[in-house]
Amino acid sequence: MVGLVPIRIVVAGGNYAGLSAVKALYSTLLAPSADTSTDIASLASLAGLERPVEITLVDRRDGFVHFIGMTRGLTEPEYGAKLWTPYAEVAWLQHPSIKIHQASVTKITNTHVHTQTTADKTKVILPFDFLVICLGEGRFAPIGTAATSKSQFVEQINKTFGEIQAARSVAVVGGGAVGIEMAADVKCDFPEKQVTLVHSRPLLLPGPFKDEFRGIVSDILRKDIGVKLSLANRVIAQSPRSPDMNEGSDDPELVSSTATGAKLTLSNGSHLSADYVIRCLGTRRKLAGLVDLADKSIFDKTGIRVKDTMQVDASGLDNIYACGDICSRDTVKLAGVAMYGGYIAGRNIARCILYGSETQLEMGQKYSSKIMLLMGKDHFAMQIADEIWDTERTRQFATPDMGLDSCVRALALNCYPEYEPLEPIIPTEI
Ligand SMILES: Cc1cc2nc3c(=O)[nH]c(=O)nc-3n(C[C@H](O)[C@H](O)[C@H](O)COP(=O)(O)OP(=O)(O)OC[C@H]3O[C@@H](n4cnc5c(N)ncnc54)[C@H](O)[C@@H]3O)c2cc1C
């Protein structure tokens, strides 16, 4: 194998989707098999291939961040510190065929990923044979995080916690899932504070949910937790302005969405003064600038269109996959869906490597819309497709650590993934 050019797989973005893709590649191509010490060299030659693989995981951070727990992390910094797992602590990521490239992706073309290293801004261009795009969608800080290391992350969490702690009144702007959880976590952890959730529409929670569900969530927030709701009220001015209200950066995680001592002017003509304001106004990613693939038809307004195989939906780009929040989808974007997409993409790339690019690929299943809201530690609501679950029924799925341990286990961040042999799929005749 010495001297052979490896098969180069680049995974851009190393969180739920990206780590899941790398884990699937590890399980199928690199993990020792149960009965022999089979590694990629022997697997490749078994499959008639001669080349080893080289997997490069690119992320501007040096670790995994469990975003699901982020709102609680900001109100309980000891828990918050656990949300970051450095890649260096994940044993199987240290495999010699896996390289971690800590860098920002600046451009993706049909053949290369352009990067700039986090440490010294060196520009590095990575050619690839297979690419998995898992860059997610950006959220403004402090929900999205600009931190590139665990120590910076902990510092930022502590800073936000200190600001929340010092405020007597907190306004959360934006009543989507994140704003709802943020307002609930502040009020549950600091019951003495006045917490107001301001939302532009008459009902909370935009998305494919029932009005009845929205009503249940509003009642929990208002009656059970004590969050004041200001609905059908758009913030039309804020003084001082949060940085993200300026033209700002292309990268929302690098800009703060908070302000201290702010006065909000609302569309009904009223004013709201708050010692601390957190704006939770959704996601933003300038996809078309960053992902510069030849076929622009892969983009729609919710992201990159992909096939059920997780390959981008364009002819001639069969070696490029996209998974997670960056994909276009008509259902809610979720960590579970991102991990599943990464799993399918990783296995399909392994299939192509082992059995050739003409081999039959796996098809991912479609998920129905689902949302579970964790409002403090005692209040939950879930809607799966058309079914609404109340607090008591949802409680059994709502772990006190907000899914941290189950995601750590699902991504094998604390153990070695097992070898998963891949048999070729025999096409069935219809
Ligand atoms: C507060 C909150 C609560 C949530 N609750 C839930 C929940 O209860 N259940 C659920 O299933 N989902 C929940 N979600 C949604 C879930 O977090 C996302 O669906 C999930 O993060 C998507 O995973 P991903 O891997 O696609 O993207 P991300 O997790 O966003 O990862 C993208 C990765 O790409 C990297 N990256 C991005 N741009 C660049 C670049 N230019 N260069 C280098 N690296 C880059 C980032 O550093 C990051 O590591 C929640 C999200 C938030 C914010």
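R393 lies over the face of W389, 3.8 Å from the ring centre. A charge is taken to sit over a ring if NZ of Lys or CZ of Arg is within 6 Å of the ring centre and within 35 degrees of the ring normal. K193 is likewise placed over the face of F190, at 4.7 Å from the ring centre. The model is predicted, with local features needing pLDDT of at least 70 and side-chain atom pairs pLDDT 80 or more, while totals for chains, interfaces and linings use all residues. Residues are numbered from 1 along each chain as its sequence is written, and side-chain values use heavy atoms, leaving out hydrogens and water.

Rings of Phe, Tyr and Trp (its six-membered ring) pair if their centres lie within 6.5 Å; planes under 30 degrees apart count as stacked, over 60 as edge-to-face and the rest as tilted. One of the pairs joins F209 and F213, tilted at 45° between the planes and 6.1 Å centre to centre. F209 is buried at a relative accessible area of 9%, and F213 is buried at 0%. Here buried means under 20% relative accessible area, exposed over 50% and partly exposed in between (1.4 Å probe, protein chains only). Y340 and Y367 form an edge-to-face pair, 5.6 Å centre to centre with 70° between the planes. This pair links distant parts of the chain, 27 residues apart: Y340 belongs to helix α9 (residues 335-355) and Y367 to the loop between α9 and β20 (370-375). Both tyrosines are partly exposed, Y340 at 21% and Y367 at 41%.

Helices (H or I, at least four residues) and strands (E, at least two) are DSSP runs, numbered from the N terminus. F213 is also among the buried residues of helix α7, which include V217 and L221. Helix α7 (residues 211-225) reaches 20 Å between its end C-alpha atoms, close to the 21 Å expected; the expected span is 1.5 Å times one less than the number of residues. Just after α7, G226 takes a positive phi of about 95°.

In helix α5 (residues 150-166), the buried residues are F153, I157, T160, F161 and I164. They lie on the same side of α5 because they cover an arc of only 105° around the axis, the arc being that of the directions from the helix axis to the C-beta atoms. The face turned away from this buried side carries the exposed S151, E155, K159 and A166. Packing partners of the buried residues of α5 include α6 (177-189) and β15 (271-279), with contact meaning heavy atoms within 4.5 Å.
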